[in-house]
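The entries follow in the order I made them.

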Amino acid sequence: MKKQILGLAVVLFMGSAVCMAQDNRGGRPDMSKRIEQMVTDLGLNETQAKEFKAVMEEMRPNRDASGERPSREEMEKKRNEADAKLKKILTDEQYKKYQSMRSQRGQRRGK
């Protein structure tokens, strides 16, 4: 009887571990983790990092009262405004690296 209970406990533990490992499978990575990774990859100082995060949060799409996402044109406008702000925050080298990272991400998304 003890072996059966122990076996059942092991199976339940393994099953829960597998479920937890697949938690975000197929979903999008957490936006804050991606932003943190970009801050690290770009080598931003504290001031730049703070401003960079604020701009990236502004760019995040907001749903309107009806729950619909913004139009493509609105998102394009937000992206252009954010790019202008980022160009002021980042050095030329960091901005080029940011654009490269963004284009690589777009290529992966298209696949």
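**Aromatic rings**

I looked up Phe 52 and Tyr 98 to begin with, and both are buried. The model is a predicted one. I then checked how the two rings sit. Their centres are 6.1 Å apart and their planes stand at 85 degrees, so I logged Phe 52 and Tyr 98 as edge-to-face. Phe 52 belongs to helix H3 (residues 46–59) and Tyr 98 to helix H5, so this pair ties together parts 46 residues apart in sequence.

I counted aromatic pairs and got 2 in the structure. Tyr 95 and Tyr 98 make a tilted pair, because the ring centres are 6.3 Å apart and the planes are at 35 degrees. An angle over 60 would be needed for edge-to-face, and one under 30 for stacked. Tyr 95 and Tyr 98 are 3 residues apart in helix H5, which puts about one helical turn between them. Both of these tyrosines, Tyr 95 and Tyr 98, are buried. I noted Phe 52, Tyr 95 and Tyr 98 as one aromatic cluster.

I stayed on helix H5 (residues 92–110), where Gln 94 lies. Is Gln 94 buried or exposed? Its relative accessibility is 11%, so Gln 94 counts as buried. What does its side chain meet in a polar contact? I found the side chain of Gln 48, at 2.9 Å. Gln 48 lies in helix H3. Gln 48 is buried too, with a relative accessible area of 11%.

I listed contacts, leaving out residues up to four places away in sequence. Gln 94 touches Leu 42, Gly 43, Leu 44 and Gln 48. The contacts of Gln 48 include Ile 89, Leu 90 and Thr 91. Gly 43 is also among the contacts of Gln 48.

**Val 55**

I moved along helix H3 to Val 55. Val 55 is buried, at 5% relative accessibility. Leaving aside neighbours within four places in sequence, Val 55 is in contact with Ala 82, Lys 85, Leu 86 and Ile 89. I also took a C-alpha to C-alpha distance: Val 55 and Asp 83 are 8.9 Å apart in space and 28 residues apart in sequence.

**Salt bridges**

I counted 4 salt bridges and wrote up several.

- Lys 53 and Glu 36 meet at 2.6 Å, N to O. Lys 53 is in helix H3 and Glu 36 in helix H2 (residues 31–42), so the pair ties together parts 17 residues apart in sequence. Lys 53 is partly exposed at 30%, and Glu 36 is partly exposed at 38%.
- Lys 85 and Glu 58 meet at 2.6 Å, N to O. Lys 85 is partly exposed at 37%, and Glu 58 is partly exposed at 44%.
- Asp 83 and Arg 102 meet at 2.8 Å, N to O. Asp 83 is in helix H4 and Arg 102 in helix H5, 19 residues apart. Asp 83 is buried at 11%, whereas Arg 102 is partly exposed at 30%.

**Surface patch**

Which residues make the nonpolar patch of about 450 Å²? Leu 6, Val 10, Phe 13 and Met 14 do. Met 14 sits in helix H1 (residues 2–21). Met 14 is exposed, with a relative accessible area of 52%.

How values were computed: Residues numbered from 1 in each chain as written. Predicted model: local features only at pLDDT ≥ 70, side-chain atom pairs only at ≥ 80, totals over all residues. Heavy atoms only, no water. Helix = DSSP H or I, 4+ residues; strand = E, 2+ residues; numbered from the N terminus. Buried < 20%, exposed > 50% of the residue type's maximum accessible area, 1.4 Å probe, protein only. Polar contact = N/O pair within 3.5 Å; in protein donor to acceptor, adjacent residues only side chain to side chain. Contact = heavy atoms within 4.5 Å. Phe/Tyr/Trp six-rings, centres within 6.5 Å; stacked < 30°, edge-to-face > 60°. Patch = residues over 30% accessible without salt bridge, like charges linked within 9 Å, V, L, I, M, F, W, Y side chains within 5 Å. Areas by Shrake-Rupley, 256 points an atom, 1.4 Å probe, with all protein chains shown as cover. Salt bridge = Lys/Arg side-chain N within 4 Å of Asp/Glu carboxyl O.
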